[in-house]
Each structure stands twice: as structure tokens, then as C-alpha cells.
Amino acid sequence: MDVRVGDFLVRRNAGSMDRLGQGVLIEEGTQPLDFPRTMTRVRVRPTLLHPSYLEQLWQSSDVRAQIQAVARSGRTHSLTIEALLNIKFSLPPLALQERILAQLRARLKRLDQAEAALLRAASGVTALQDAAHHALTAQCDAAGQTLPRGWRWGCLGEVIKEIETGRSPQCLGRRAESDEKAVIKTSAITRGKFLQDENKAVPAGTPLMPRHEIKAGDILLCRANTLDHVGATVHVTECRPGLYLSDKSLRLVPKSDVDDRWLVPLLATSYVRAEIARRSNGSLSSMRNITQTNLQGIPIPIAPPNEQVRLGRRATQCRHAADHLQLRVQNALELSALLRRAMADATSAGRIMSPASSGSPQEEPALQFPPAPFIRNDGDWNACQVHTPSAVADQHSKYVVAEQLELEL
């Protein structure tokens with residue numbers, strides 16, 4: 001089923017609660033598209049509710065709380081059509097909605113610009129990490145090129161003492177609680193940072209090998225994934241107890257005279273990543289695999305021990321600086337999301353401030369709603385229940401989707 005400008009799509013199935021119930025408004029310029037069965041299309045009465053106003057209300061804390069209260073949980077989180085129809089929110093007159101939206105757009109435009117700058121900063125952190133990797137090893141595009149004095153060409157197997165792999169038992173299909181054992185997903189090994197929350201819980205009593213448990217200081221490599229991700233490497237700086245290697249992850253144990261702080265950035269260089277991709281097997285680009293034999297045979301430029309220590313120290317400093325910048329950017333993005341939610345809450349409660357006011361935020365007058373038959377005497381809005389006169393079956397499936405939702409005062 002296709003969508004048109006003004007349609008509001010709501011996610012009714014999601015793997016996480018924070019994504020469940022998310023809504024998106026189809027705006028001018030959107031290319032024709034079909035929406036999946038996991039979403040519901042909402043069309044409102046234009047004489048009662050502006051679609052853009054619904055988009056703002058839908059992000060409010062009150063609506064999110066209602067969604068979480070009626071969500072069904074299982075292998076995924078879901079919402080029934082009936083649950084969506086019972087979502088309640090306050091509704092001012094249409095003319096007032098348009099005035100509120102006019103003020104919101106000015107604020108949201110500035111917020112969008114700030115978030116775009118933060119995303120550019122996040123890309124800059126990634127570029128900084130990549131530049132550090134290139135600066136910490138000899139530059140080369142192919143094996144056999146001339147290296148700095150003291151360096152030599154060898155293969156990865158010369159600096160690796162052993163390679164260990166884990167196993168993937170039957171899992172529960174969800175993230176493990178802090179007291180549960182778990183195996184990591186391939187997404188735990190990405191862009192040089194170990195994401196220990198990317199895991200799958202293992203049922204209690206499942207036998208796991210102690211040697212497969214991940215420890216701080218481990219070097220982990222993703223052996224099977226897409227071409228872009230196969231061979232991704234991380235240096236584990238911290239790890240909670242009870243987290244284990246999967247059969248798609250490898251632990252590289254360097255030899256005693258090899259500095260692991262130097263080895264990890266080397267494995268992340270574009271030359272080594274390209275070699276891993278070239279030597280990986282698999283008929284589908286969505287799932288490639290690098291064998292231990294092919295991995296150990298990759299030619300690498302090997303620095304002398306004292307140079308490994310120096311470069312390893314610099315690598316650690318660069319990583320800490322990049323992590324610090326990344327954390328600051330992430331915190332700013334989270335604050336921006338909180339501010340966006342606060343704007344939605346202010347919209348739903350009638351506390352939108354006038355941009356023309358020159359006073360402080362505490363002194364700015366709220367945009368008040370004129371008296372109307374459907375506004376209570378205390379100034380609050382009436383809660384309006386969403387309902388639909390009919391539900392239309394999707395001709396392309398057995399699923400039933402809401403063709404039109406109306407708002408009644």
C-alpha cells in the first residue's frame with residue numbers, strides 16, 4: 001500500500017521498546033513508497049488535527065508512556081490496532097495548532113542545525129581515528145614496498161602466538177541481564193570500540209568453556225560478516241564477567257615481544273582491511289568469512305620492538321582523545337534529544353513560549369489557548385481518544401491495517 005503526503009506511519013513491531021510506536025510524517029518531496037506490515041498508516045481529519053501537530057504530540061512523554069504501558073512483549077515488542085486507537089492526548093483548536101507549529105518550526109530548525117553540526121563532529125572523530133591508524137604504521141598499498149629503516153615485511157602469523165575462537169550455543173534472542181551469561185554478537189566488534197552490550201543471553205545451565213570468556217586486554221576480530229565488517233578489530237579495555245566469544249569472533253593472542261597497542265591499529269589500517277576482504281570467502285556479499293589460515297598469511301609491515309612501543313603509546317593517546325571527543329558529542333546528541341522531547345511535552349501541555357519575548361525562559365509568557373467549549377475552566381485541554389470507524393484489510397497480505405484514524409472532540 002502506498003503512502004501520500006500527510007500520512008503518519010507508526011511502527012507497531014520493533015526489537016526494542018524505544019523504537020516501538022515511533023512515528024514518521026510523510027512530507028512534501030517524499031518519493032512514492034510502500035510501508036511494511038510492521039507499520040500502520042494513520043490519516044487524520046484535516047479539519048480537526050494538523051498532521052504536523054500529531055507528529056509533535058506523538059513524541060511527548062505522555063504518549064510514549066501510554067505506548068509502553070500497552071505494549072506486548074515477546075520475541076519482539078508489538079502494539080495492537082486497538083491499543084493504538086486508545087492513545088489519548090490533548091487537542092486545541094486547529095487555528096491554535098497552526099500558531100503553535102509556526103513557533104515550533106523556528107525552534108526545531110535551530111535544533112536541527114545544531115544536531116547536524118554534532119553529526120559532522122561525530123564524523124570528524126571517525127576521521128581522526130582513521131588518520132591515527134594511518135599515522136601509526138608504515139604507509140603502503142601493496143606488499144613489498146620500501147619500508148622505513150628497521151622495519152621489515154612479514155606476515156600476520158609471525159606476530160600472533162595463537163588464535164582462539166568461541167562457540168554459539170542456543171541463545172534467548174535478547175540482551176543478557178547483568179547476572180546472566182551471554183555470547184557477543186558481531187556488532188560488538190565495530191570501529192575499534194568494544195560494545196559489550198551487543199550480546200545475546202544464554203539460557204541458565206548452558207555449558208560454556210571458561211577459556212572462551214572475554215577479558216580486558218583481549219584483541220578480538222570479527223571473522224564473518226559483510227565485506228565492510230569482516231576483519232573488524234577491537235582492543236577490549238573493559239568487559240563485564242560472563243561474556244563469551246561466539247563462533248564468528250576470534251581472539252588474537254600476540255607473541256610476547258609484540259606490543260598489542262601497536263598491533264590493533266595496524267589491523268585497522270585500510271591496507272590490512274583490504275587484504276582481509278580480498279582473502280575472505282563466501283558467495284554472498286552479505287556474509288563473508290576469513291579463515292585462520294588466510295588471516296595468518298596476510299603480509300604486514302612489522303616495526304622493530306622499540307618502535308612498536310613508541311607507536312603503541314601514541315595509539316593509546318590518540319584513542320583516548322578520540323573516545324573523549326566521541327563521548328562529548330554523544331552526550332550533546334542525547335541532550336538534544338531530551339530538548340526535542342521537552343518541546344513535544346510543552347506542545348502537549350500548552351506551554352509553548354513566544355519567540356518574540358525578550359525575557360529569560362522563565363519570564364517568557366506561555367502561549368495561552370482562548371476559551372472554547374472543549375477547553376476546561378482550569379486551562380487544560382480535553383483528552384481526545386483516537387478511534388477509527390473501520391479497518392481495511394491490506395490486499396497484499398492477511399494483515400489488517402488502519403486505513404484512517406479520526407480524532408473526535
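I start with Lys215, which is partly exposed because its relative accessible area is 46%. The cut-offs are these: buried means under 20% relative accessible area, exposed over 50%, and partly exposed in between, with a 1.4 Å probe and protein chains only.

What you see above is a predicted model, in which local features need pLDDT of at least 70, side-chain atom pairs count only at pLDDT 80 or more, and totals for chains, interfaces and linings use all residues. Residues are numbered from 1 along each chain as its sequence is written, and side-chain values use heavy atoms, with hydrogens and water left out.

Back to Lys215. Its side chain meets that of Glu213 in a salt bridge, 3.7 Å from N to O. The term stands for a side-chain nitrogen of Lys or Arg within 4 Å of a carboxyl oxygen of Asp or Glu. Glu213 has a relative accessible area of 16%, so Glu213 counts as buried. Elsewhere, salt bridges with shared partners join Arg4, Asp7 and Arg43 into one network. The count of salt bridges by this rule is 14.

Now the network itself. Which side chains meet that of Asp7 in a salt bridge? One is Arg4, at 4.0 Å from N to O. The other named partner is Arg43, at 2.7 Å from N to O. Is Asp7 buried or exposed? Asp7 counts as buried, because its relative accessibility is 1%. Arg43 is buried as well. Arg4, at 49% relative accessibility, therefore counts as partly exposed.

Next, the strands that flank this region. Helices (H or I, at least four residues) and strands (E, at least two) are DSSP runs, numbered from the N terminus. Two strands pair if DSSP finds at least two bridges between them. β1 pairs with β3 (residues 23–25) in the antiparallel sense over three bridges. β1 and β4 also run antiparallel, joined by four bridges.

β10 (residues 182–184) pairs with β17 in the parallel sense over two bridges. Within that pairing, Val183 has Tyr244 of β17 as its bridge partner.

Then the helices. Ala268 sits in the loop between α5 (260–267) and α6 (270–279). Ala268 is partly exposed because its relative accessibility is 26%. Gly192 is 76 residues from Ala268 in sequence, yet the two are 7.7 Å apart in space, C-alpha to C-alpha.

Last, α8. How far apart are its end C-alpha atoms? The distance is 65 Å; helix α8 (residues 305–349) has 45 residues and should span 66 Å at 1.5 Å a residue, so the two values agree. The expected span is 1.5 Å times one less than the number of residues in the helix. Gly350 follows α8, with a positive phi near 75°.
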